[in-house]
Amino acid sequence: MKKILFGIFLLAFVLLTGSWFCSLRFRHVPRSDLEIDPVESATVIHSLKQDVMELASNIGPRSFKHPENLSKASGYIQGRYKELGYQPELQKYKSQGQEVENIYAIKKSSDEKAEVLIIGAHYDTQFSNPGADDNASGVAVLLALMKALANAKLSTTIHFVSFVNEEFPYGLTPLMGSYQYAKMIHDQNLPVKGMISLESVGYFDSAKDSQHYPLGFLNLLYPNSADFIAVVGNLSSHRMVSEIVEGFQKSSPIKSEGAALPEIIRDIARSDHWAFWKFGFEAVMVTDTANFRNANYHKSTDYPDNLSYEHMHGVYLGLLGYLEGQ
């Protein structure tokens, strides 16, 4: 009898938990009537590839073990900000005896009381890896969005940030560039609407069973093919998750899957958005899920040729659809 009661309890728990997760799941299947300019697409795709190639191939590993490359990457990104019509600013700080820097530019709204939205991507790599997907891909999409929004009139002020020190040994510590930035805007008491972290957004695979998850039961709720982009937040950020997926519904030809999950699932915190959670801000990660699909994650084989720039263009379009509504 006890076994039967336990079985009933377990089944009820699974059903309730599944229903709860499903209620915080947001998904987008591409529209068949979406019109995309092929000339504009080719231009953006070329730019995405050029930025990834420069960071991952020409500059190479960008970590505390390669401070000269980290400095070169910062210089390249600052130059790109200027090319796109922005004035880059630097937030410098000391990290284990080295001076490092976040790079940011602010696109102000005409409304002085406008809320602030932060969108950023880290430009450092783990150890001696080239870091094409992780995270030259995120930086490239950030730069593409900056170009598209350079002359846009928005009701929200946007901070575009290239973060340093996301990778080991700094991740999930106050030495993260994103932690330093989140603290700065918190101390300035800015009216923050939310933050978007672009984390590894270039690897896609349509093969069956190419996608995995940190918890086994998530396989029952989400796709088993790695042909979508994920929008992930904690429970407090469910509004942003939903709105960004709506942006993909409006503008992107690629699939998106959104999830607002409890922070007890530690893998959902593994990027720069974590720092903003620590200061009480809504924040989400837009990601291809990294090691849960990409065998090149944190390896010397994380090369530009492994990425799908067409899918990255879809990520760009989805985020642009969201940002243009802000």
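Student: Which residues make the contact of H3 and H4?

Tutor: H3 brings Ile77, Arg80 and Tyr81, and H4 brings Val139, Leu142, Leu143 and Met146. Contact means heavy atoms within 4.5 Å. By class that gives six nonpolar, no polar and one charged residues. Ala, Val, Leu, Ile, Met, Phe, Trp, Tyr, Cys and Pro count as nonpolar, Asp, Glu, Lys and Arg as charged, and the others, Gly among them, as polar.

Student: Before I get carried away, where does the model come from?

Tutor: It's a predicted model, so local features need pLDDT of at least 70 and side-chain atom pairs count only at pLDDT 80 or more, while totals for chains, interfaces and linings use all residues. Residues are numbered from 1 along each chain as its sequence is written, and side-chain values use heavy atoms, with hydrogens and water left out.

Student: OK. At what angle do H3 and H4 pack?

Tutor: About 20°, with the axes of H3 (residues 67–83) and H4 (residues 132–149) 10 Å apart. Axes are lines fitted to C-alpha atoms, for helices over the stretch in contact, and angles run from 0 to 180 degrees between N-to-C directions. H3 and H4 are therefore roughly parallel to each other. The classes go like this: under 35 degrees is roughly parallel, over 145 roughly antiparallel, 65 to 115 roughly perpendicular, and the rest oblique.

Student: And H4 with H8, what's the angle there?

Tutor: About 45°, again with axes 10 Å apart, H8 being residues 309–323. That makes H4 oblique to H8. The contact takes in Ser137, Ala140, Val141, Ala144, Leu145, Ala148 and Leu149 of H4, plus Met312, Val315, Tyr316, Leu319, Leu320 and Leu323 of H8. Those residues divide into 12 nonpolar, one polar and no charged.

Student: Back to H3. Which of its residues are buried?

Tutor: Asn69, Leu70, Ala73, Ser74, Ile77, Gln78, Arg80 and Tyr81. Buried means under 20% relative accessible area, exposed over 50%, partly exposed in between (1.4 Å probe, protein chains only). Their cover includes helix H2 (38–59), strands S2 (89–95), S3 (98–107) and S5 (157–163), and H4.

Student: What about phi of Leu172?

Tutor: Near 60°, a positive value in a residue other than glycine. Leu172 is in the loop between S5 and H5, and is partly exposed at 34% relative accessible area.

Student: Where does Asp209 lie?

Tutor: In the loop between S6 and strand S7 (228–234). Phi of Asp209 is near 65°, positive too in a residue other than glycine, and Asp209 is partly exposed at 48%.

Conventions. Helices (H or I, at least four residues) and strands (E, at least two) are DSSP runs, numbered from the N terminus.
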